[in-house]
Amino acid sequence: MKSGKFIAYYLLGLVGILLISTSPALFRQGAFMNVGNYIQELRGLFSILLEPSEWNYIYKGDTVPLIEHLWEPYQYSMTIFFGGILLGFLIAFLGAFGTLFLPKWAKVIVHRGLGVLEAIPDLLLAFSLQLFIVWFYRQTEILLMPFTTLGQEKVYALPIVAIAVLPMVMMYKIILMLMEEEMTKPYVQMAKGKGLEKAFILSVHVVRNIIKSAFYHSKIIIWGALSSLLIIEYIFNMNGITTAFMDDFRPMVSSVILFLVFTPFYILYQGTELFLFKDHKAVEEANIQMNSFIGSLSVKRSGGEWLKSAVREFGVHFRNIKFLTGFIIIAGTVIVSVVYSMTADPLIDQYFQIYDENDRLVSASPHTPEFVFLGTDALGYSVFDQLLAGAKYTILFALIIAFLRLTVGFALAIPYTFFLPGKVQRVFEKLVDGMHFLPLTIIAYLLLRPVLWMPQGGFTTTETERILYQGIILTILAVPLVVTLFGNEMKLIMKEEYVTSTKVLGGSSVHLLWKHLLPHLSPRMGIVFGQQFIQTLLIFIHLGVFEIYFGGTKVSYDPLMGDPPLSTTYEWSGLIGAAKNSLMTGRWWLIIPALLSFVIIIVSMQLIIQGIKEIQQKRVGVVVEKSNGLKRLFSRRTENKASARDTHEDRFVFLQKVSGDSYRERDKR
């Protein structure tokens, strides 16, 4: 039975890959959503799959056997990826284990350092590692390790380190959270009471109990790391499996590449869940269904009262310094960008040549920051002006995508959780689990490039149509994961005793949803919104590297004096795509300001997420530990106050009763 499920779910995953790989046919020859072309292409793909002799790859104009050509890049990519994942998970486990023994101030330093590290895009991280190797070599003439692939030589160590960083940070936080929660369990207190050492309790009992939860959390981490693999291979000039489809964009090649990437992770995770983990769902599944009657929503408050309640709720968040700081940075950036776009004339200043007071030429484009603030690009356009003009598109579009993912996912989670049969839910969960093993960047590239890349005859779609299509695709890619996430959260809430009591007393479906699910899920929704916003920004960076820009990529087909692909909106990923090779030529100002702008916005959203978490923790009675610099600044004053409250004998006057109500000071000797 389990073997049949394993094979059936795998085949369903392969069918999904075939449907995705054929999607470029919807936009062939200037068409937009041509279903006829799509069906015809899908039939052709199935017929080719049935004839192994037609499995070929076009390499430098020659036709070579497909599997034979892809096998070596596939082994190379998987070696790098699994090496990075294992390294990251090992460091995360050792770091989380050791953190539990650190003092409070050291924990704060570690958390803040990892928070900043998590905000650094993989593109900037890979560049930084390469630059450090080059800088160290120039200072010492010692090459620590190869930093790029040259000819037949392959680079391993540095890409593995680059892959390992993000999984290490994410897994560290998850393991630490699980360990801290496990340390509050009664059996841990009993073990301490028996005199067992903390290290023994952690290594023997706690680790064993958190392995399963950490295993499930690792699927999300693997998904994010797979999206970074394409960027890592590009930065280090690796001839890997995820870059192979760039040279041959046919559906057959895309399908086989995704098959190869999907298969090992499916075997590892689904095989472990089906054959090693015991399935208690059939035994432990609680009654999580709503009451059969829907009921009606009773709105007793007036519009003004609802507005006051909403303002009061927002006011609680604005009293949190982290939330307020992140909100001010993001909102302020958008407002400045909008005001600048409405008042600037011209929108982007262009500097051709710069002369000094003696009319002597001192700089030609691209100008360095020495002559123009933040410098200019190769055509003389100000980098600073482009950042200002494009900020509103980058941030607002990411906010809209995150909002759509959240609202659509939550709306679909309600019928998914309460109206679908349990067997259907489990099938849906397995299909969604398969999405964790497909690189999101590759899927987005396959679906967006046919529409956003301008053909030779010019765009056949309007900019509004392209923006809507891009928004729909980036929303749909994450909605199934959000649905299952909220569905699992709702199931946990419906198992609580107060919800069961409400159902027994006759609470309607609307009442349960409005009074119990929404209040408990609203803080979680804020956190998910922030996470989806950050993920959308990272996808922008990845697509920008491959010159897929927001609203479309303007391409010049002039064989002699063609301009590089340009973004029509000056959004930030366009700056990254146009300057992706600038660090190798020493023109750091072309890309570093855009990457740092992404980092600032990501850190700001992290502050908002942390603020929401702290507010929710206070509401449920969890003590939030803070390490405030002001407290350390006034620590001396605190110590003085404490000394004033000490109980030393010299600070008191002791009286001795003489007679009646008469007292005199007692001799202290």
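## Confidence of the model

The model is predicted, and the mean pLDDT of the protein chain is 77, with 80% of its residues reaching 70 or more. Among the elements of the chain, helix α13 has the highest mean pLDDT, at 90, whereas helix α11 (residues 281–284) has the lowest, at 44.

Two stretches call for caution. Over residues 299–303 the pLDDT is below 50, and this stretch has four contacts in the model beyond near neighbours in sequence. Over residues 633–645 the pLDDT likewise stays under 50, and here the model has two contacts beyond four places in sequence. Where pLDDT is low, the predicted coordinates should not be read in detail.

## Helix α2 and its buried face

Helix α2 covers residues 35–49, and its 15 residues should span 21 Å at 1.5 Å a residue; the end C-alpha atoms are 21 Å apart, which agrees with that expectation. Within α2, the residues Asn37, Tyr38, Glu41, Leu42 and Leu45 are buried. Seen down the axis of α2, these buried residues fall within an arc of 130°, and they therefore line one face of the helix.

On the other side of α2, Gln40 and Arg43 are exposed. The cover over the buried residues of α2 includes α1 (2–21) and α10 (251–275).

## Backbone exceptions

Most residues other than glycine have a negative phi, and most peptide bonds are trans. Pro346 is placed in the loop between α13 (321–343) and β3 (353–355).

Asn237 is not a glycine, yet its phi is positive, at about 60°; the residue sits in the loop between α8 (198–235) and α9 (241–244), and with a relative accessible area of 48% Asn237 is partly exposed. Glu547, also not a glycine, has a positive phi of about 60° and lies in the loop between α20 (509–545) and β5 (553–554). Glu547 has a relative accessibility of 18%, and because the cut-off for buried is under 20%, Glu547 counts as buried.

Ser227 belongs to helix α8 and, at 7% relative accessibility, counts as buried. Its side chain reaches the backbone nitrogen of Leu440 at 3.1 Å.

Lys107, in helix α4 (residues 104–119), counts as partly exposed at 23% relative accessibility. Leaving aside its neighbours within four places in sequence, Lys107 is in contact with Thr99, Leu100 and Leu102.

## Aromatic pairs

A pair of aromatic rings is described by the distance of the centres and the angle of the planes. The count for this model comes to 21 aromatic pairs. In one of them, the rings of Tyr10 and Tyr266 have their centres 5.3 Å apart and their planes at 50°, so this pair is tilted. Because Tyr10 lies in helix α1 and Tyr266 in helix α10, the pair ties together parts that are 256 residues apart in sequence. Tyr10 is partly exposed, with a relative accessible area of 21%, whereas Tyr266 is buried at 2%. Ring pairs also link Tyr10 and Tyr266 with Phe6 and Phe262 into a cluster.

Tyr234 and Phe546 form an aromatic pair that is edge-to-face, with 5.5 Å from centre to centre and 65° between the planes. Tyr234 lies in helix α8 and Phe546 in the loop between α20 and β5, so this pair ties together parts that are 312 residues apart in sequence. With a relative accessible area of 27%, Tyr234 is partly exposed, while Phe546, at 9% relative accessibility, counts as buried.

Definitions and conventions:
Residues are numbered from 1 along each chain as its sequence is written. Side-chain values use heavy atoms; hydrogens and water are left out. Helices (H or I, at least four residues) and strands (E, at least two) are DSSP runs, numbered from the N terminus. Buried means under 20% relative accessible area, exposed over 50%, partly exposed in between (1.4 Å probe, protein chains only). The expected span of a helix is 1.5 Å times one less than its number of residues. The arc is that of the directions from the helix axis to the C-beta atoms. Contact means heavy atoms within 4.5 Å. pLDDT is the predictor's confidence in each residue, from 0 to 100. A polar contact is a pair of N or O atoms within 3.5 Å; within protein, one must be able to donate a hydrogen and the other to accept it, and residues adjacent in sequence count only if both atoms are side-chain atoms. Rings of Phe, Tyr and Trp (its six-membered ring) pair if their centres lie within 6.5 Å; planes under 30 degrees apart count as stacked, over 60 as edge-to-face and the rest as tilted.
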